[in-house]
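Biologist: I have a new model open on my screen and want to learn how to read it. Could you walk me through it, one feature after another?

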Amino acid sequence: MGRRAARRVGGPAEVAAVLDVFVASRVSGWAPDRVVERAVAVLGRPEGVRLPELASELGLSDRQLRRRVTDAVGYGPKTLHAVLRFRRAVAWARSGGGGGDGGAVPELAVVAAQAGYADQAHLTREVRRWSGVSPTVLLGRVGRVGGAGQAARPGEPGRAGRAGRAARPGQAPPGAS
């Protein structure tokens, strides 16, 4: 079933549905928490979400919402919202969505606004938090000189070029006298 089913499945939502059916067939009495599914749908939207309002909309207290989401996905609703926003931003940036030049890489500020971040700096902080690297590194833009929001090659003038050089053992750091 594995490989044949994998060939028939399209996107991530379909993969999740197939996995739900598989797990449900193996674990008696298990069913997805429909309230959590609704919460995830709301948390996956680009606009901000106030947890007390979401909890009220779902007929739960703040604490119940936090507990049920944590039980289902492994972390609380605010963290889930941040993870989903991060994934949306990366997917949108990689797809070239809205670049303006027919498939061009969109500016990071545009990606930030579209994905629901307050600004480009917020996007950059969150990308570093979740991936451990800058957006330019994550999106493979390092080495492309000339576009806004793109890093310079190591050793060339520009923020990434200077910050990226490390001192060799026994040598003073770059710029030190």
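Modeller: The expected span of a helix is 1.5 Å times one less than its number of residues. Helices here are DSSP runs of H or I with at least four residues, strands are runs of E with at least two, and both are numbered from the N terminus. In this case, α6 has 19 residues and reaches 27 Å from its first C-alpha to its last, close to the 27 Å expected at 1.5 Å a residue. Just after α6, G96 takes a positive phi of about 80 degrees.

Biologist: Before we go on, what sort of model is this, and how are residues numbered?

Modeller: It's a predicted model: local features need pLDDT of at least 70, side-chain atom pairs count only at pLDDT 80 or more, and totals for chains, interfaces and linings use all residues. Residues are numbered from 1 along each chain as its sequence is written, and side-chain values use heavy atoms, with hydrogens and water left out.

Biologist: How many helices and strands are in the chain?

Modeller: Ten helices and zero strands. From the N terminus on, the elements run α-α-α-α-α-α-α-α-α-α.

Biologist: How do I read burial, and which residues of α6 are buried?

Modeller: Buried means under 20% relative accessible area, exposed over 50%, and partly exposed in between, with a 1.4 Å probe and protein chains only. Of the chain's 177 residues, 27% count as buried. In α6 the buried ones are P77, L80, H81, A82, V83, R85, F86, R88, A89, V90 and A93. They pack against α3, α4, α5, α7 (108–115), α8 and α9 (135–138), where contact means heavy atoms within 4.5 Å.

Biologist: At what angle do α6 and α8 cross?

Modeller: Axes are lines fitted to C-alpha atoms, for helices over the stretch in contact, and angles run from 0 to 180 degrees between N-to-C directions. Here the axes of α6 (residues 77–95) and α8 (residues 120–131) come within 10 Å and cross at roughly 105 degrees. That makes α6 roughly perpendicular to α8; the cut-offs are under 35 degrees for roughly parallel, over 145 for roughly antiparallel, 65 to 115 for roughly perpendicular, and oblique for the rest.

Biologist: Which residues of α6 and α8 meet?

Modeller: On the α6 side, T79, A82, V83, R85, F86 and A89 meet H122, L123, E126, V127, R129, W130 and S131 of α8. Take E126 in helix α8: E126 is buried, with a relative accessible area of 11%. Leaving aside neighbours within four places in sequence, E126 is in contact with A82, R85, F86 and Y117.

Biologist: What is a nonpolar core, and which residues touch the most other members in the largest one?

Modeller: It's a set of buried Ala, Val, Leu, Ile, Met, Phe, Trp, Tyr and Cys residues joined through side-chain atoms within 4.5 Å. Of the 13 residues in the largest one, A39, L43, L54, L58 and L65 touch the most other members. The elements that give two or more residues to this core are α3 (34–43), α4 (51–58) and α5 (62–73). Apart from it lies another core, of twelve residues, among them A89, V111, Y117 and L123.

Biologist: What does L65 contact?

Modeller: Neighbours within four places in sequence aside, L65 is in contact with A39, L51, L54, A55, L58, L60 and P77.
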